[in-house]
Amino acid sequence: MSDFEPKVVAFVCNWCTYAGADLTGTSRIKYASNVKIIRFPCTGRIDFMLLLKAFANGADGIIVSGCHPNDCHYTSGNFHAKRRWIMFKELMDFMGIDMNRITFSWVSAAEGARWADVVNSTVTRIRELGPYVSYKELVNKSVEEEVKND
Amino acid sequence: MTNLINRAKELLENGTVKVVIGYEAGPTGLARPAFITDPAKAGKLIYDDRCVQNLAVYLTKAEVKNLGKMAIVSTLPVMRSIMMLISEHQVMGDNIVVLGISTEKELLDIADIGVMKGYIEKCDLRNPEKDRETLAMLNALTPAERFAWWQKEMEKCIKCYACRQACPMCYCIRCTVEVNQPQWIPVQANPHGSTEWHILRAMHLAGRCISCGECGRACPVGIPCHLLTMQLADQVNNYFHVHAGTSDNMTSVLSTYEPNDKESFII
């Protein structure tokens, strides 16, 4: 367990958090290198199925981040996203899927230091939680079944 | 029941409607859907405890729609389905005559959509009582226990998509599960594929589910998948104070927003 390095996927919006992460870099702020950032046009574009895809493909944790409410480049993308994540969270909780592995945050283009905090705190949390065994098992069991049936 | 038959006969005879969608007794004694186009056959219509299917699912089917103006035997869930279908522009209110059935199995006099709206507003819109109990039981478990409980159910899934076919709100011509570029969900009925299918189905019905429980009833292996959509229906009401299917002019919960929507998990 001690050499476990969490894989964290970050789904971020182009206009705020991606630019914010850029600022983290240009400000030479160091943060955990476990995160793989995927750029989206808007948080409103981030489909919940993409999060499940990330888990299915081996992510231990996920960050979803975009512009603060009222700051959306497209006016209302993040408001729509907010409603979607409320429903998604409730459904995941109800199915017993661990929502502690997903961080939802608003990080603006000026919040380079905050982005480093969000990533670091998420990585620390995932490190404590360990690898996402239960979802990986779900996928592995499915692959095993398929092999058996062939 | 005689009221229902007489009304159906009258509607067909005077040409108000071309087809009456209702229930008839099947050869084994079970109730099955009936599509009556001939007034002389209106006598076949029944309404009793056996009639549980949500008939609104047929309103969007081309082979039924093409018959012309429809009358439909409607209990509360069917009425709410009709409201949602009108709101989502899948059927036209003018094209439907509602043969409302009250909880006491009496024929209601529902002249138009406005009257139906008034009737729905007076009804208990919560989930059915026995589902409320199961939901409360599940919500009291720990997340790990709930995960185990659902995985045990998901194991049974054979991916027949009966839950989708039975649902009046699942009318998409091409469902996401049939899309293979990209392949969103594994096609096999395995733990991974089944779990993600049920997540997807519930999410696509968030704010649209009218709590009829038809998906769970249609499931040939007895997965209570209606609990997923009912839980979300509860949560939609909890967060956004909306009950699906209460008006013919509903806005979709997930494609609208209020700037002050409350949540506590976004940092």
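Which domains does the domain assignment of chain B give? Domain 1 (2–122) and domain 2 (129–242), with bounds that come from an automatic or database domain assignment. Here are some notes to read beside the structure.

1. Ground rules. This is a predicted model, in which local features need pLDDT of at least 70 and side-chain atom pairs count only at pLDDT 80 or more, while totals for chains, interfaces and linings use all residues. Residues are numbered from 1 along each chain as its sequence is written, and chains are lettered from A and ligands numbered from 1 in the order in which they are written.

2. Chain A overall. Chain A holds five helices and four strands, where helices (H or I, at least four residues) and strands (E, at least two) are DSSP runs, numbered from the N terminus. Read from the N terminus, the order is β-α-β-α-β-α-β-α-α. A compact globule of 150 residues would have a radius of gyration near 15 Å, and the 16 Å of chain A agrees with that; the radius is taken over C-alpha atoms, and the globule rule is 2.2 Å times the number of residues to the power 0.38. The C-alpha atoms fill a box of roughly 50 × 35 × 25 Å along the principal axes.

3. Burial and contacts in chain A. Buried residues account for 51% of the 150 residues of chain A. A residue is buried if 20 or more other C-beta atoms lie within 10 Å of its own, exposed if 12 or fewer, and partly exposed in between, with C-beta atoms placed from the backbone. Among the contacts in chain A with a separation of 6 or more, 84% are between residues 24 or more positions apart; two residues are in contact if their C-beta atoms, placed from the backbone, lie within 7 Å.

4. A:Ser65 as an example. This serine sits in strand β3 (residues 61–66) of chain A and counts as buried because it has 30 C-beta neighbours inside 10 Å. Leaving out residues up to four places away in sequence, A:Ser65 touches A:Ala10, A:Val12, A:Thr17, A:Ser105, A:Trp106, A:Val107 and A:Val118. A:Ser108 is 43 residues from A:Ser65 in sequence, with 9.1 Å between their C-alpha atoms.

5. Chain B overall. Chain B has ten helices and five strands, and its C-alpha trace spans about 60 × 45 × 40 Å along the principal axes. For 267 residues a compact globule would have a radius of gyration near 18 Å; chain B has 19 Å, which agrees. Of these 267 residues, 38% are buried.

6. The two domains of chain B. Their centres, taken over C-alpha atoms, are separated by 27 Å. Domain 1 of chain B brings twelve residues to the contact and domain 2 of chain B brings ten. The domain 1 side divides into six nonpolar, five polar and one charged; Ala, Val, Leu, Ile, Met, Phe, Trp, Tyr, Cys and Pro count as nonpolar, Asp, Glu, Lys and Arg as charged, and the others, Gly among them, as polar.

7. Where the chains meet. Contacts link 34 residues of chain B with 34 residues of chain A. On the chain B side, α6 (143–154), α8 and α10 each supply at least two residues, and α8(B) gives the most, with nine.

8. Helix α10(B). The 15 residues of this helix (residues 226–240) should span 21 Å at 1.5 Å a residue, and the end C-alpha atoms are 21 Å apart, which agrees; the expected span is 1.5 Å times one less than the number of residues. The buried residues of α10(B), including B:Leu228, B:Met230 and B:Leu232, pack against α3 (77–95) of chain A together with α5 (129–139), α8 (191–204) and α9 (214–218) of chain B. B:His241, with a positive phi near 55°, follows α10(B).

9. Backbone points to check by eye. B:Gln181 and B:Pro182 are joined by a cis peptide bond, with omega about 0°, and B:Pro182 lies in the loop between α7 (162–166) and α8 of chain B. A:Asn70 is not a glycine, yet has a positive phi of about 80°; A:Asn70 is in the loop between β3 and α3 of chain A.
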